[in-house]
Amino acid sequence: MQHVLVIGGGVIGLTSAWWLLEAGFGVTLLEREVQVGNGASYANGGQLSYRYVSPLADAGVPLKALHWMFQQDAPLRFRPELDLRQWRWLASFLAHCNAAANSATTAHLLELGEASRQAMAELAIPQEEFSWREAGKLIIYRSRPALDVAVARPDAGQLLSPAQCVRCEPALAHVEAALAGGIFNPGEAVADCHAFCEALMRRIAQHPRFQARVTGAAHQLERARGKVTGVATAAGRLVADHYVLAAGIASRDLAATADIRLPLYPVKGYSLTAPIRSGDLAPQVSVTDFERKILYARIGERLRVAAMADLVGENLTLDAARVQGLLRQVRATMPQAADYAQLATWAGLRPSTPSGAPLIGASRYANLWLNVGHGPLGFTFACGAARKLAAIMHD
Ligand SMILES: Cc1cc2nc3c(=O)[nH]c(=O)nc-3n(C[C@H](O)[C@H](O)[C@H](O)COP(=O)(O)OP(=O)(O)OC[C@H]3O[C@@H](n4cnc5c(N)ncnc54)[C@H](O)[C@@H]3O)c2cc1C
């Protein structure tokens, strides 16, 4: 039996571990924290957005970004760093901001989305273990031109008028007059990504081919003659036949220890979580407020709101002005959806590639494999990406 060391216990590392076990490999999981799923996978938007993948790099985005730089509560923020990696990533991102690149990435991500939907169903983790629900997804548009562009996209669903949006999701009643319309995709789901990670870890731990869970940070990929020969970690040196790099944004620094330059940047986002009381008008379907780039999902008895794309480096500080700005917009859109006085706030780093497409598969070392760069939709793509990686490694 071939032995694989999976580095990273977020949703990508855990799904990789599972599908590698299923493909016949022995697996050891290395995670620097005591608990799994505490990085970007912790309190993300919870949307399993298989049919609406919308890569950020698109024609017109650079102009919009310039406009956002002068808006107080803008969805995007940019702080220049003395870090070449930021500028390299930005240059490549701008090169992908055109219709042709966007449609190529969209087609690829839609395929990965469909594979993920099937793979997650195959996994058959009981829905109640991770608050999974086929909620459907409504994308609301406040401007007619944006709606017209969206309707023509290959990931468009059913077109709704403002009144139909409110019939579909009564929690939007307050903003009906501000809407140009919406697009509804009935098959989309929501779930708790962190609970999914924990549930999957329990299954992994019981798998007959699972070797061990090691707690400790990897520091260095050791290599010789075109292969990785071991990993230096806080828990000692670990050796395997194959190594899978799935450490979210930290994969960038780890890869650099073996002279691999991964085109990843940490796109910081925020989430707010508030309990839903009986009598609150919380959304049942998941909602994306397109122009504001704010996602709303009901996860069990909590409202989860996720938003913001801040290009401010590897920085997890909760910026109070950003949180307050987001809360203002949430209250204005869904004033009675949850108990906003009991808010939990969180920030995470989306490990993002310039195009929006993740890197899944081989590296320049024969036995080092990548599953990184899932950006804003890592929960959505995790199962499909892991199954794909296991198939590549098995061949
Ligand atoms: C605000 C926000 C909202 C989002 N909303 C959604 C959404 O609605 N739907 C969706 O599909 N996706 C969403 N995402 C994206 C999704 O959360 C990420 O793409 C996904 O969690 C990335 O998973 P990962 O396993 O690659 O990274 P992580 O979850 O960060 O996992 C990496 C793991 O590696 C470990 N690690 C790091 N360094 C080392 C080391 N040296 N040694 C050992 N272990 C290490 C970390 O501790 C961590 O556990 C959102 C992200 C954010 C920030």
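Me: Why is Ala124 called partly exposed in this predicted model?
Reply: Its relative accessible area is 49%. Buried means under 20%, exposed means over 50%, and partly exposed lies in between. Ala124 has 49%, so Ala124 is partly exposed.

Me: Where is Ala124 found?
Reply: Ala124 is in the loop between α4 (99-123) and β5 (137-141).

Me: What makes the phi of Ala124 worth a remark?
Reply: Phi of Ala124 is positive, about 55°, and Ala124 is not a glycine. Most residues other than glycine have a negative phi.

Me: What is the phi of Ser54?
Reply: Phi of Ser54 is near 25°. That is a positive value, and Ser54 is not a glycine. Ser54 sits in the loop between β3 and α2.

Me: How do you know whether Ser54 is buried, partly exposed or exposed?
Reply: Ser54 has 26% relative accessibility. Buried needs a value under 20%, and exposed needs one over 50%. Ser54 therefore counts as partly exposed.

Me: Why is Ser49 called buried?
Reply: Ser49 has 2% relative accessibility. The cut-off for buried is under 20%. Ser49 therefore counts as buried. Ser49 lies in the loop between β3 (47-48) and α2 (61-68).

Me: What makes the pair of Ser49 and Tyr52 a polar contact?
Reply: A polar atom of the Ser49 side chain lies 2.7 Å from the backbone oxygen of Tyr52. The limit for a polar contact is 3.5 Å. The pair of Ser49 and Tyr52 is within that limit.

Me: How do you know whether Gln329 is buried or exposed?
Reply: Gln329 has a relative accessible area of 11%. Buried means under 20%, so Gln329 is buried. Gln329 belongs to helix α9 (residues 320-333).

Me: How far apart are Gln329 and Asp73?
Reply: In sequence, Gln329 and Asp73 are 256 residues apart. In space they are 8.3 Å apart, C-alpha to C-alpha.

Me: What makes β1 a mostly covered strand?
Reply: Strand β1 covers residues 3-7. Of its 5 residues, 4 are buried.

Me: How do you know that β1 pairs with β2?
Reply: A pair needs at least two bridges. β1 and β2 are joined by 5 bridges, so they pair, and they run parallel. Val6 stands opposite Leu29 in β2.

Me: What joins β1 to β13?
Reply: 4 bridges join β1 to strand β13 (residues 242-245), and the two run parallel. Ile7 has Leu245 in β13 as its bridge partner.

Me: Which elements form the right-handed β-α-β unit with β1?
Reply: α1 and β2 form that unit with β1.

Me: Which residues come nearest to the ligand?
Reply: Of the 36 residues around the ligand, Glu31, Ser41, Gln47, Gly375 and Thr380 come nearest. By class, the shell has 16 nonpolar, 17 polar and 3 charged residues.

How values were computed
Residues are numbered from 1 along each chain as its sequence is written. This is a predicted model: local features need pLDDT of at least 70, side-chain atom pairs count only at pLDDT 80 or more; totals for chains, interfaces and linings use all residues. Side-chain values use heavy atoms; hydrogens and water are left out. A residue is near a molecule or strand if one of its heavy atoms lies within 4 Å of it. Ala, Val, Leu, Ile, Met, Phe, Trp, Tyr, Cys and Pro count as nonpolar, Asp, Glu, Lys and Arg as charged, and the others, Gly among them, as polar. Buried means under 20% relative accessible area, exposed over 50%, partly exposed in between (1.4 Å probe, protein chains only). A crossover is right-handed if, with the strands pointing away from the viewer, the path from the first strand over the helix to the second runs clockwise. A polar contact is a pair of N or O atoms within 3.5 Å; within protein, one must be able to donate a hydrogen and the other to accept it, and residues adjacent in sequence count only if both atoms are side-chain atoms.
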